[in-house]
Amino acid sequence: MKNSIKKLYDLITSRFYFGDETLEIGDKKYDPIVLFGIITCVLNGRELIFGEYGSGKTTSSERISSLIMGLPLEFIQAVTIHGHPEQTEEKIKATLDLGALEKDGREVVRWKLSVFSPVLIIDEINRLPVGKQNLILNEVDRNIWNYRGETIIFEVDKAFFATINYQDLGTTNLIPPLLDRFDIAVETGRIHPIRKRIVRRGIRDEVLRDSKISREIVEYISQNNETRKANEIVKFLKEISDEFKEKIENRLKEDGFNVEIPRSYEIEEIRKEINEVEISEDVELFLDYLGQEVYCQKGLKKDFSKCDGCHYSVYACSDIYSISNRAEISLFKYLKAVAWIEEEEANLEHLISILPYVIWHRCGISDKKIAEIRDEDKDCCDEFYAVKDVITDVYRRWNEHRDYQIEAYEYLISRRYDKLKEFVKNVDHPFFKSLYRY
């Protein structure tokens, strides 16, 4: 199955999306849009895609979703939610059956197509006003859908993609709780001039299209879109998906691509294997260290204005606001997935490469740090570069303190608390201060 995923990555990068390999893990390079897009589909994750308008944010997520999920491209496009100020709960989630209401006086909820799709794209999510972003918090977080007293709780999660244009007229900032619900965030970047030629001539995606099957899916859902029939629709889509995957494979063979798209039961096996990937001890040690360095030492509520002149201002706490518990859970999911693809234990190389993608969109960055790196040459936005720079600094400090950290943990495990207190007082770092405090 690992080989199948690698072949799908090669297929997408040579046929459906032409970006640069800006994700470096050791001596290997990946296109983060494609790699994380595949992982998001497999793990039913949540992914944000930032970029300028027309840079391929929506089309890349549509094609990757269509291929990995085994659903026609037209259906993926039909269920896409478009962000705009006039968006409403009725347009996103459900409406009442007016016929049943007028005839019998019964309130029958008719759910929208997007509720049942195993993958959902929210296009230009930052065009939703702040008040309307709350409409989708629970749905993005747990795939639980509520409308007028009715609730659908799906047995299986779904994948979410959302695109964000860099700030322009009509966009707004996403609220932090919504940002925190997205596992990972990537950017569409510069494209090599030769790849630009291919894009200009038009990317062929006919193998992913099938209007007949799309119409059948839409008709079936429209006829059965009541709460009590939700599981039936999910089962129907799973059957359609496995059949359409075979059709895609046959079409690709005619074009010279020999790939196998994992069926639904195989994807479940992949998830189990990813979950069982071992995490190296150094990964745990580094995250313990970073997690304490980010905390403000002057109080629970962080305020960057306190950093000026603070003894701890040389640490990450003065640069990034926080790393949430959700972020660490997201990190482990994607960290294990990349390690699984590379057939390795999840190690520090994986961690240092992936961590910025997991936290840059939701950790909050100080103006001081942004100003510090603004004029640096870079192939990413200022915020992403700043987070990478912060992590590099923390990693350097951690290397100096690693042996002390292990020694401190040995005192803790052996319950030699007096020795621990004496030891950590001599190492001036928030991590050791946290051990002394408790």
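1. A word on terms to start: a residue is called buried under 20% relative accessible area, exposed over 50%, and partly exposed in between (1.4 Å probe, protein chains only).

2. Some ground rules. This is a predicted model, where local features need pLDDT of at least 70 and side-chain atom pairs count only at pLDDT 80 or more, while totals for chains, interfaces and linings use all residues. Residues are numbered from 1 along each chain as its sequence is written, and side-chain values use heavy atoms, leaving out hydrogens and water.

3. How many disulfides are there, taking a pair of cysteine sulfur atoms within 2.5 Å as one? The count is zero. C317 is in no disulfide, and its nearest cysteine sulfur, in C307, is 6.1 Å away. For C381, the closest cysteine sulfur belongs to C380, and at 5.9 Å that is too far for a bond.

4. Do have a look at N126. This residue sits in the loop between strand 7 (119-123) and helix 8 (130-133), with helices (H or I, at least four residues) and strands (E, at least two) taken as DSSP runs numbered from the N terminus. N126 counts as buried because its relative accessibility is 1%. Beyond its neighbours within four places in sequence, N126 is in contact (heavy atoms within 4.5 Å) with residues including T163, I164, G170 and L174. A polar atom of the N126 side chain lies 2.9 Å from the backbone oxygen of N165.

How values were computed
Polar contact = N/O pair within 3.5 Å; in protein donor to acceptor, adjacent residues only side chain to side chain. Disulfide = S-S within 2.5 Å.
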